[in-house]
Amino acid sequence: MPDWPKPNRPKTLINMAAYVLAEGNSLSPQADARQLMQHATGLDPLGLATVRTIDDATIEKFFGYVKKRAEGAPLQHILGKAWFRHTEVEVGPGVLVPRPETEIVAGWAIAACKDEIKKGNRAPAAADLGAGSGIIAKSIALEVPGSRVFAVEISKDAAKYLRSNLSETSVEIIESDFSDLPKLRPDLAGKLDVVVSNPPYIPDSEVDSLSADVLADPEIALFSGEDGLDAIRALLPVAAFLLKEGGKLVFEHGDDQRNAVLELALSDGRFTDVEDHDDLTRRPRFLTAKRTGIEK
């Protein structure tokens, strides 16, 4: 029996890993395997394309990552980072992994800030409530130079990532429950142009229906009471407190919550131009509104 050489070519190894990941129910096994190979080798796609063989130590490291992914570890936890719009953030256990559907929410908030600049406001002020990793706040700060951004987060575990991810920005971090802002920061009353949030919105009863990737996120970032709307109920009065007249609110919600969030925002009485929007997959995803005149 000949002593066959072990596979050591990147393409072969990636294909082997993709097969393992597909058996482990990965939705994108080939893409996952390729990113894990890049992580193991420290090479970008172009660099990886020029390599003919991989050494044994790197192969062992690669299949260690593949094993973790096949067992349900989120890809972003293994990589230690997540990409979002034009930047990336550190992520891991204890903080919500940013999802592609949230990019359109962040994009709407960024566009609202840019509209303020077009109107002559050179330093639009925005708050990201329940900031998690800080990816929305970071995106606003990077894409709207001169903006004043606040990132509010209650979780101590998430705040560790938040501080690291925002360390090279001018974003002000507030470690608090956002519902406490009226008491904690009365100086912000009626001062903000934009409030954005990706709050928890999954009903508590749906825990058994979620994928392993989702369940790897912290419960505080996922679940929000019997109907999933507790955080949104708390969000609306805080947004009304923070926003100036004409200021804009945008928040994400579940794809089966359109009617409920529209009713909540309209019945609040402090918002106008209330609209709900689909994400890129044509599923209901986020609500926008404008603050009415401030009460005297």
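This is a predicted model: local features need pLDDT of at least 70, side-chain atom pairs count only at pLDDT 80 or more; totals for chains, interfaces and linings use all residues.
## Helix 8 and its two sides

In helix 8, which runs over residues 156–165, the buried residues are Ala-158, Ala-159, Tyr-161, Leu-162 and Asn-165. Because these residues cover an arc of only 165 degrees around the axis, they lie on the same side of helix 8. Lys-156 and Lys-160, by contrast, are exposed on the other side of helix 8.

What do the buried residues of helix 8 pack against? Their partners are strand 2 (87–90), helix 7, strand 4 and strand 5 (172–175). Two of these partners, helix 7 (135–143) and strand 4 (148–153), return below among the elements that line a pocket.

## The protein as a whole

The protein has 12 helices and 9 strands, and its C-alpha trace spans about 90 × 40 × 35 Å along the principal axes. Of its 296 residues, 48% count as buried. When contacts between residues at least 6 apart in sequence are considered, 61% of them join residues that are at least 24 apart.

The domain assignment gives domain 1 as residues 10–71 and domain 2 as residues 85–291, and the C-alpha centres of domain 1 and domain 2 lie 34 Å apart.

Ala-82 is found in strand 1, which covers residues 81–84. Is Ala-82 buried or exposed? With a relative accessible area of 3%, Ala-82 is buried, because a residue counts as buried when that value is under 20%. Setting aside residues up to four places away in sequence, Ala-82 touches Gln-76, Thr-87, Glu-88, Val-89, Val-91 and Pro-98. The C-alpha atom of Ala-82 is separated by 13 Å from that of Asp-32, a residue 50 places away along the chain.

Arg-85 has its place in the loop between strand 1 and strand 2. Its phi is near 50 degrees, which is a positive value in a residue other than glycine. Arg-85 is partly exposed, and its relative accessible area is 30%.

## The second largest pocket

How much space lies in the second largest pocket? The volume is about 480 Å³. This pocket is lined by 32 residues, and those closest to its centre are Gly-130, Ala-131, Glu-153, Asn-198 and Pro-200. The elements that give two or more residues to the lining are strand 3 (125–129), helix 7 (135–143), strand 4 (148–153) and helix 11 (230–242).

By residue type, the lining of the second largest pocket divides into 19 nonpolar, 9 polar and 4 charged residues.

Helix 12 covers residues 258–268, and within it Val-261, Leu-262 and Ala-265 are buried. Why can these residues be placed on the same side of helix 12? They cover an arc of only 105 degrees around the axis, and therefore they fall on the same side of the helix. On the other side of helix 12, the residues Asn-259, Glu-263 and Ser-267 are exposed.

The buried residues of helix 12 pack against helix 11, strand 7 (243–252), strand 8 and strand 9. Just after helix 12 comes Gly-269, which takes a positive phi of about 90 degrees.

Which residues is Asp-273 in contact with, once its neighbours within four places in sequence are left aside? The contacts of Asp-273 are with Thr-288, Ala-289 and Lys-290. The C-alpha atoms of Asp-273 and Ile-135, which are 138 residues apart along the chain, are separated by 27 Å.

Between strand 8 (271–278) and strand 9 (284–291) there is a loop, and Arg-282 has its place in that loop. Although Arg-282 is not a glycine, it has a positive phi of about 65 degrees. At 74% relative accessibility, Arg-282 counts as exposed, because the cut-off for that class is over 50%.

Methods. Residues are numbered from 1 along each chain as its sequence is written. Side-chain values use heavy atoms; hydrogens and water are left out. Helices (H or I, at least four residues) and strands (E, at least two) are DSSP runs, numbered from the N terminus. Buried means under 20% relative accessible area, exposed over 50%, partly exposed in between (1.4 Å probe, protein chains only). Contact means heavy atoms within 4.5 Å. Domain bounds come from an automatic or database domain assignment. On a 1 Å grid over the protein atoms alone, a cavity is a set of points where a 1.4 Å probe fits but cannot get out, and a pocket is an open set with protein on both sides within 12 Å along at least five of seven lines; lining residues have an atom within 4 Å of a point. Grid points are joined across faces, edges and corners, and a volume is the space filled by probe spheres set on the points. Ala, Val, Leu, Ile, Met, Phe, Trp, Tyr, Cys and Pro count as nonpolar, Asp, Glu, Lys and Arg as charged, and the others, Gly among them, as polar. The arc is that of the directions from the helix axis to the C-beta atoms.
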